[in-house]
Number of protein chains: 2
Amino acid sequence: MEKFEVTILGCGSALPTLRHFPTSQIINIREKLFMIDCGEGTQLQIRKNKFKFTKINHIFISHLHGDHMFGLIGLISTMNLLGRTSTLHIYAPKDLESLLRPHLDYFCNGIMYNIEIHSVNTKESLLIYEDRSVEIYTIPLKHRIQCCGFIFKEKPTLPHIKSDMIDYYNIPRCQINNIKAGMDYITPDGEVVESAVLTTPPPPVRSYAYCSDTIFLPQNAELLQNVDLLYHEATFCKEDEHLCKSTFHSTAEQAATMAKLSNAKKLIVGHFSSRYENENILLEEAKNVFSNTVLANEKMTITI
Amino acid sequence: MEKFEVTILGCGSALPTLRHFPTSQIINIREKLFMIDCGEGTQLQIRKNKFKFTKINHIFISHLHGDHMFGLIGLISTMNLLGRTSTLHIYAPKDLESLLRPHLDYFCNGIMYNIEIHSVNTKESLLIYEDRSVEIYTIPLKHRIQCCGFIFKEKPTLPHIKSDMIDYYNIPRCQINNIKAGMDYITPDGEVVESAVLTTPPPPVRSYAYCSDTIFLPQNAELLQNVDLLYHEATFCKEDEHLCKSTFHSTAEQAATMAKLSNAKKLIVGHFSSRYENENILLEEAKNVFSNTVLANEKMTITI
């Protein structure tokens, strides 16, 4: 199966702790790396995880709070020092451009590559990126400032050829792509061999949804329906639920409820408040609602 | 002796490595903490070293390259989240104000404390900070952009009273401060007892000099004369000396020559280029010129 992996570079919240880095993730889809959020220290985490800076061409910023983007200027600067020439695309709520440009002009004077900042509408779910492997849509979220999540939907691959059947019918190579694309094969004797007989179906398409800082939004369940892996913030435990309203965050239980309502296969919870030295309370509360839950941590890579 | 300690939070240069954080230091003078430079990840290093954020009231930025100040906005933001109310003073070359203010307005909206940014003239050595324990002067340096170092000079303390002599002459307590301040004591019989007889001299004043990114500047030796501890950048080894001219950096040998010319007691070298996996080459080259040299590292606290 083609690679589709999520690596957690950071899953803490705003206050620094020795347990976590602030938020950042790398999504590896068929060896293309997509970054989500870029808290302070992300470039160090990239080094630790041995990701290649040059393979990161698209960065998605959920919202303009420091713990999700203070690492951006350092990363951009490092990419320049490393001799990058290809364009870097950053997708973020609209203010990023005006905030970042003066710093780019000052700190990355003579920068050798182009930075294209794409302003993202956080109010509705829109397709913001597409290539031959994946489509990326925004997920509208509700936080203290404009904020959205991202859903990565793999595009279907072609069916696999059954090579023994190809040999059996003695089918010329030039027909393979047609058969993969769904055309039947007609033998020199006029026999019609159905494409389905010559192929095995491709693996089902997979998806990953990232729900950054947000209050509980059950109305997103439809958008997230049947997602393979859901990352959802779980800043607070149930006892501190009263804090969700003023801070626009979720509890672990609410994250798990989102996974349940979305019929997700697996849930990762993260964005842990510094107040919980032991995050097992969050895990337990989530598991009570949705058993296939794991706690994010900075050494974690999950294969979808 | 009163506390005078230098703790290295980071001593790498611009490219991130797993060996070092970018530049930052904490100078602890009688439990007041002064920060020099603030590269990305400094707030994490503060946590690791168990320094209290509230004790840092003065930050000195040598120059506006990212590896010396990308950690500033995160640190300021964290101090706000921690409920800081006292003014934070930042001393830096003049552009910091115009670069930082828009980010403070955006990311630290409703900030509860005042930030006073003091524009520093990097061209000559000037007194930029003074309290009853210390004077801090700039050191003019020469880098690709405006840059200065800082010299911390302890103020003399008063002599210590010899309590046995006080008892011998039966001197009333109210005279102690006068005697410490240098006044002789006259007994009821008219005998003059010299202040020097009643006291032992205070410990000699100590000093610490920080020479950030710079080409070799022997003309600074006079300014640094007899410094107790000198930190000097040593970005390159001798073989790579040709890179110093274009990048405005120094070799380890040049750092050691500065220590020798300045008659320093001890030298720490840092700001290591990511190209040297083994920094012992830098140490050896420095020690050939100035034997009392150590390599900076992130676990290091040096008592002066």
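This is a predicted model: local features need pLDDT of at least 70, side-chain atom pairs count only at pLDDT 80 or more; totals for chains, interfaces and linings use all residues.

Colleague: In the open sheet of 7 strands in chain A, what is the strand order, and which strands stand at the edges?
Modeller: The pairing in this open sheet is mixed, and the order in chain A is 6-5-4-3-2-1-18. From one strand to the next, the twist averages 20°. Each edge strand has a single partner, so one side of each is left without a neighbour in the sheet; these are strand 6 (115-119) and strand 18 (301-303) of chain A.

Colleague: Which helix packs on strand 5 and strand 6 of chain A, and at what angle to strand 6?
Modeller: Helix 4 (residues 96-107) of chain A packs on the sheet there, touching strand 5 (88-92) and strand 6. Its direction and that of strand 6 of chain A make an angle of about 165°.

Colleague: Do strand 3 and strand 4 of chain A run parallel or antiparallel, and which residue stands opposite M35(A)?
Modeller: Strand 3 (residues 32-38) and strand 4 (residues 56-60) of chain A are joined by 4 bridges and run parallel. Strand 4 of chain A has 4 of its 5 residues buried, so it is largely enclosed by the rest of the structure. Within strand 4 of chain A, F60(A) stands opposite I36(A), and the residue opposite M35(A) is I59(A).

Colleague: How many bridges join strand 2 of chain A to strand 1 and to strand 3, and which residue takes a positive phi in the hairpin of strand 2 and strand 3?
Modeller: Strand 2 (residues 24-29) of chain A is mostly covered, with 5 of its 6 residues buried. It runs antiparallel to strand 1 (residues 4-10) of chain A over 6 bridges, where F4(A) has I29(A) as its bridge partner. Strand 2 and strand 3 of chain A also pair in the antiparallel sense over 6 bridges, and S24(A) is the bridge partner of C38(A). Their hairpin has 2 residues between the strands, and the residue with a positive phi near 55° is R30(A).

Colleague: Why do the buried residues of helix 10 of chain A line one face of the helix?
Modeller: The buried residues of helix 10 (residues 280-287) of chain A are L282(A), E285(A) and A286(A). What covers them includes helix 9 (252-261), strand 16 (266-270) and strand 17 (293-295) of chain A. Seen down the axis of helix 10 of chain A, they line one face because they fall within an arc of 100°.

Colleague: How many residues of helix 9 of chain B are buried, and which residue just after that helix takes a positive phi?
Modeller: In helix 9 (residues 252-261) of chain B, 7 of the 10 residues are buried, so it is largely enclosed by the rest of the structure. Its buried residues, among them A252(B), E253(B) and M258(B), pack against elements of chain B including strand 14 (207-211) and helix 10 (280-287). Just after helix 9 of chain B, the residue with a positive phi of about 55° is N263(B).

Colleague: How many residues does each chain give to the contact, and how do those of chain B divide?
Modeller: Chain A gives 24 residues and chain B gives 24 residues. On chain B, the elements that give two or more residues are helix 1 (42-48), helix 3 (72-81) and helix 4 (96-107). The residues on the side of chain B that touches chain A divide into 12 nonpolar, 9 polar and 3 charged.

Conventions:
Residues are numbered from 1 along each chain as its sequence is written. Chains are lettered from A and ligands numbered from 1 in the order in which they are written. Two residues are in contact if their C-beta atoms, placed from the backbone, lie within 7 Å. Ala, Val, Leu, Ile, Met, Phe, Trp, Tyr, Cys and Pro count as nonpolar, Asp, Glu, Lys and Arg as charged, and the others, Gly among them, as polar. Two strands pair if DSSP finds at least two bridges between them. Axes are lines fitted to C-alpha atoms, for helices over the stretch in contact, and angles run from 0 to 180 degrees between N-to-C directions. A residue is buried if 20 or more other C-beta atoms lie within 10 Å of its own, exposed if 12 or fewer, and partly exposed in between; C-beta atoms are placed from the backbone. The arc is that of the directions from the helix axis to the C-beta atoms.
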